[in-house]
Amino acid sequence: MVVASPNLSKTGKLREIEIPIIDLSADRSEVSKLIVKACEEFGFFKVINHGVPHDVITRMEQQGYEFFAKPASRKQQAGPANPYGYGSKNIGLKGDIGEVEYLLLPTNPLSIDDNSKTISSTDPYKFSCAVRGYVEAVNKLAYEILELMAVGLEAPDPSVLSRLIRDGDSLLRFNHYPKVDGGATSPSCIGFGEHTDPQILTLLRSNDVDGLQISLDDGVWVPVNSHPVSAFCINVGDVLQVMTNGRFLSVRHRAMVNSYNSRMSMAYFSAPPLDATISCLPVLLTPQKPPLYRSFTWAEYKKATYSLRLGESRLNLFKAR
Ligand code: GA4
């Protein structure tokens, strides 16, 4: 079932569109078609009835709120982000800034346990349990969505995408966008500047404060409202654009801040292992549609990602000749 999600903002260069909301409990073959359509059209959709338990989400959110409520000096003990750890205003390694503070974490269980000690000295066990539980649940959801995509693309092997994220280099990010005076009316209202996500798939949860925007190919920004609250936002990353030979769009997006409410989001970036080779799925290649990108390893792509600014297009570096 696709529920219309009308967007009410009409200010400036913002446009109303209906972002697909896909019910994952509906008929599998129907759902796989809807997912493919959304990925082709927007590189973005929302899912409901996704199977991630409500208490797993709230436990995780609670940990995020508790961490960001700590004094700056305490949070800084978990930073500076290089690229992992606590960061405030500085994004990445090339001088990008935004009105955001965040925690960026690798998701393998050992790293979670290790990082928990600096992030939550009072109760590292509680933090680590919440994060482990959440990662397990969203990773399962990522598997399911990637399988549905493969089915929708008519790949002979339905696990051709999902198996790539097994023991992968997936990351977790808590973003906190404090309210900013003059937010939404001044240039400083950008919380996280426009970019695409380098990985395969991003699964994002946020509180009920708006701020996320996606860009259509004509450069118009579309606000994604935070309704329904129980949904996850899913976006295609660069690697999936390469694997689908440009059929799925790695969508440009950004996060805005406002002067009324602070926003918190939690993003799970599902990625392949560093040594995985990324290339187009054979089922999508024809003599008329040769590969748009050359093959590369995830390590190679990740290195290119960190050598560029946030908004720069790294995919251009990997175009086939
Ligand atoms: C964008 C998507 C993820 O948040 C992220 C970001 C990473 C970081 O913050 O360390 C990057 C950014 C993201 C792309 C370009 C580089 C790297 C900041 C930056 C300027 C964790 C990721 O994988 O790439």
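Analyst: A residue counts as near a molecule when its C-beta atom, placed from the backbone, lies within 6 Å of it. In this predicted model, local features need pLDDT of at least 70 and side-chain atom pairs count only at pLDDT 80 or more, while totals for chains, interfaces and linings use all residues. Residues are numbered from 1 along each chain as its sequence is written. The ligand is surrounded by 16 residues, of which Pro83, Gly92, Asp96, Asp197 and Leu310 are the closest. Strand 4 (96-106), strand 5 and helix 7 (298-307) are the elements that give two or more residues to this shell. Such elements are DSSP runs numbered from the N terminus: helices are H or I with at least four residues, and strands are E with at least two.

User: What is the order of the strands in the open sheet of 8 strands?

Analyst: Strands of a sheet pair through backbone hydrogen bonds, either parallel or antiparallel. Two strands are taken as paired if DSSP finds at least two bridges between them. The sheet has the order 1-2-10-7-12-5-4-3, with mixed pairing. Strand 1 and strand 3 (85-91) are its edge strands, each pairing on one side only. Between one strand and the next, the twist averages 25 degrees; angles run from 0 to 180 degrees between N-to-C directions, and axes are lines fitted to C-alpha atoms, for helices over the stretch in contact.

User: Which strands illustrate the two senses of pairing?

Analyst: Strand 1 (residues 21-23) runs parallel to strand 2, joined by 3 bridges, and Ile21 has Lys46 as its bridge partner in strand 2. Strand 5 (residues 171-177) runs antiparallel to strand 12, with 7 bridges.

User: Why is Tyr177 classed as buried?

Analyst: A residue is buried if 20 or more other C-beta atoms lie within 10 Å of its own, exposed if 12 or fewer, and partly exposed in between. Tyr177 is buried because 27 other C-beta atoms lie within 10 Å. Beyond its neighbours within four places in sequence, Tyr177 is in contact with residues including Glu99, Val100, Gly191 and Arg263. Burial can also be read over a whole strand: in strand 12 (residues 263-270), 7 of the 8 residues are buried.

User: Which residues have the most contacts inside the largest nonpolar core?

Analyst: A nonpolar core is a set of buried Ala, Val, Leu, Ile, Met, Phe, Trp, Tyr and Cys residues joined through C-beta atoms within 7 Å. The largest has 80 residues, and Ile35, Phe45, Ile145, Met149, Leu201 and Leu203 have the most contacts inside it. Helix 5 (residues 124-152) gives the most to this core, with 13 residues. Phe45 touches Ile19, Pro20, Ile22, Ile35, Ala38 and Ile234, not counting residues up to four places away in sequence.

Key: Contact = placed C-beta atoms within 7 Å.
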